[in-house]
Amino acid sequence: MSGSVTAPGAGGRPDGDDDEVRSTVDTATAPEAGPAEEVLAADEPAVAEKVDPEAPWERLSWRMLLVYPLGMLTRLLPLFLISLWLGSNRSNYWFEIVIVSMVILGGVLRWLSTSYQVGSTHIILRKGFFSRQVVTVARQRIRSVDTESDLFHRVLRVSIVEVGTGRSDSGKSDAERFRLDAIDTALVEPLRDELLKHRRALDPSLSEEDEVQWGSKYGEDIARWKVTWARFAPFSFIGFGVLFSLWLITWQMGDMHDRIMDLAVVEGTIAWLDSLGQPWASVGKCVAIWAVAGVLAIITYAIRYGKYALTDHGQLLYVQNGVLRRKHQALDKARLRGVEMRLPVYLRMLGGGRLEPIMTGTKKGATASTLLPQAPIKDVRRVAIRILGDSTPVTVPLRRHPWKAVRRRITRGLLPFWIVAGLIVLVRIDSGPSADIWVEWGIPAALVFLLLLAADRIRMLGHALLPGMLVSSHGSWSAKRTVLEADGIIGWTVTQSVFQRSAGVATVAAATPAGNGVYSVMDIDADEAWALAEALTPGITDVWHHDADPGGRVSPSLGVRRG
């Protein structure tokens, strides 16, 4: 069974899923006139119109000729190691010499072909030796000036500067970015002040006296990294990722893997765990792997977030972090549409959490902007309240969803149990009575664990409607509490799967150009689905207005009945 209803002329679109009914209404307004940035060919007339004849053209620092080859050769290091290992008996190294020569030549060509100009109305970047490109950015549309520097950059006292306009930074290719790699570090602050002075002019309350009073050149401190925060690092997946990468590398390095496994401490630990018998041997090995991954996670966490600081500078939030690769990001508050508190159950049990911005133009993945890394939950809430300027969205009790949603939390939460139980039974059939211990311990343990997760998902499920703001919460293993401004919502979607229709609940998704793009209120009563959207975006359900029998049942696909 399938079906879809779309708002006429409202940008709605049917969904192709056979198991869902989806209704969508967009509230997007017309975009701001004029492009904030453009990528043009060097000979296009539009380039000449934007060049300031009185502004000088600048080049990258000459030290870029050292930084670029060092960075590239570091990235190519695994290729060199494999090449040297495979050709350990050869006497010529032309392959390595050619690669190094090409990298050096590429750096020279990049330096010769790159120049930039800070004009009165636009900043212009010319780049490309064989295919010339020009990136232009309107100065009044600049929203952020981010900097970063890895170990090589810091040793040679140069930095990478990237200018953002906040509209489509997350989807740009490298060729479309206004990115200066690298310029003298001493020039970074004057350049950033020059490019963002129009933003400072929007905040008349900011003055030099304020900076002196705050005791920071960048503004008022909101949060700074503490060594004790590293205790949350083992309870993330980053350590397992690093461990898996190291494991793959050891397999590529001849007998390195065998040498590690033959170490006395490794052999002794494995022998001791095996002597405990099943299931304790398997549990002990999992704990040992987690311990090693935890150590790697702490190291990685300290390198990535060491020297973290979040400061408020009027219209801008500055985030800096990183020990080896230091980043400075400027987040324009005008682009902020809310915050998301990441509260996975394994962090909540330790009193921890994480805070992410819901902001237009931010990057995704490993380079995503973060307001607060893994930190105590009290600091997460304090920073969220500081950013939002109101404690109510963070502390307000959420409205619970109907018992039908609670029932779905239990039934969906127990689905993995039947898979685990089936696998254990298959192991018992294949291995015989020696696997009875897994049946006696594994199945009850899995049942208790998944029931506890289901109970936590019930506890976290809810939402609240505040004036001009939507607060939603759901999940357990990846639980999150989202605070989203109504002004940032550009569309609504109500979705019902087959099982949701039978249960009489629906998922309401608010679309926004900020953050992840969609934020959902899960398993709300179906009759209240569009009423929720109407409460935050008055008039949004007018497209569904109809004069049907007032006594009939109203599907969430048909919105809110009026009159």
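Predicted model: local features only at pLDDT ≥ 70, side-chain atom pairs only at ≥ 80, totals over all residues.
I would like to begin with L461, which sits in the loop between α18 (436-460) and β18 (462-466). Is this residue buried or exposed? L461 has a relative accessible area of 5%, and because buried means under 20%, L461 counts as buried. If we set aside its neighbours within four places in sequence, the residues in contact with L461 are R400, H401, A405, R409, S473, H474 and M522. For R400, which is 61 residues away along the chain, the separation from L461 is 6.8 Å between C-alpha atoms.

A second example of this kind is A421, which belongs to helix α17 (residues 415-431) and is buried, with a relative accessibility of 12%. Its C-alpha atom lies 8.0 Å from that of A446, although 25 residues separate A421 and A446 in sequence.

Stepping back to the whole protein, we have 563 residues, of which 45% are buried, and the secondary structure comes to 20 helices and 23 strands. If we take contacts between residues at least 6 apart in sequence, 61% of them join residues at least 24 apart.

Let me turn to the interior. In soluble globular proteins, nonpolar side chains tend to be buried together. Here the largest nonpolar core has 37 residues, and those touching the most other members are L310, L355, L371, L372, V383 and I387. Which helix gives the most to this core? That is helix α14 (residues 377-388), with five residues. As for L310, its contacts beyond four places in sequence include L371, V383 and I387, and also E220, D221 and Y318. Apart from this core there is another, of 22 residues, with L60, V135, Y318 and A330 among them.

Now for the aromatic residues, where a search of the whole structure finds nine pairs. One of them joins F129 and F130, whose rings are edge-to-face, at 5.0 Å centre to centre with 85 degrees between the planes. F129 is partly exposed, at a relative accessible area of 44%, while F130, at 74%, is exposed. A further pair is formed by W225 and Y301, and since their planes stand at 45 degrees, with the centres 6.2 Å apart, this pair is tilted. W225 is in the loop between β11 (220-224) and α9 (238-252), and Y301 is in helix α12 (residues 280-305), so the pair ties together parts that are 76 residues apart in sequence. Y301 itself is buried, with a relative accessible area of 3%. Ring pairs also link F237, Y346, F449 and W477 into a cluster.

The charged end of R126 sits over the ring of W57, at 3.7 Å from its centre, and R59 lies over the face of W111, with 5.4 Å to the ring centre.

After α11 comes G277, with a positive phi near 80 degrees.

Technical notes. Residues numbered from 1 in each chain as written. Heavy atoms only, no water. Phe/Tyr/Trp six-rings, centres within 6.5 Å; stacked < 30°, edge-to-face > 60°. Buried < 20%, exposed > 50% of the residue type's maximum accessible area, 1.4 Å probe, protein only. Helix = DSSP H or I, 4+ residues; strand = E, 2+ residues; numbered from the N terminus. Lys NZ or Arg CZ within 6 Å of the ring centre and 35° of its normal. Contact = heavy atoms within 4.5 Å. Core = buried A, V, L, I, M, F, W, Y, C linked by side-chain atoms within 4.5 Å.
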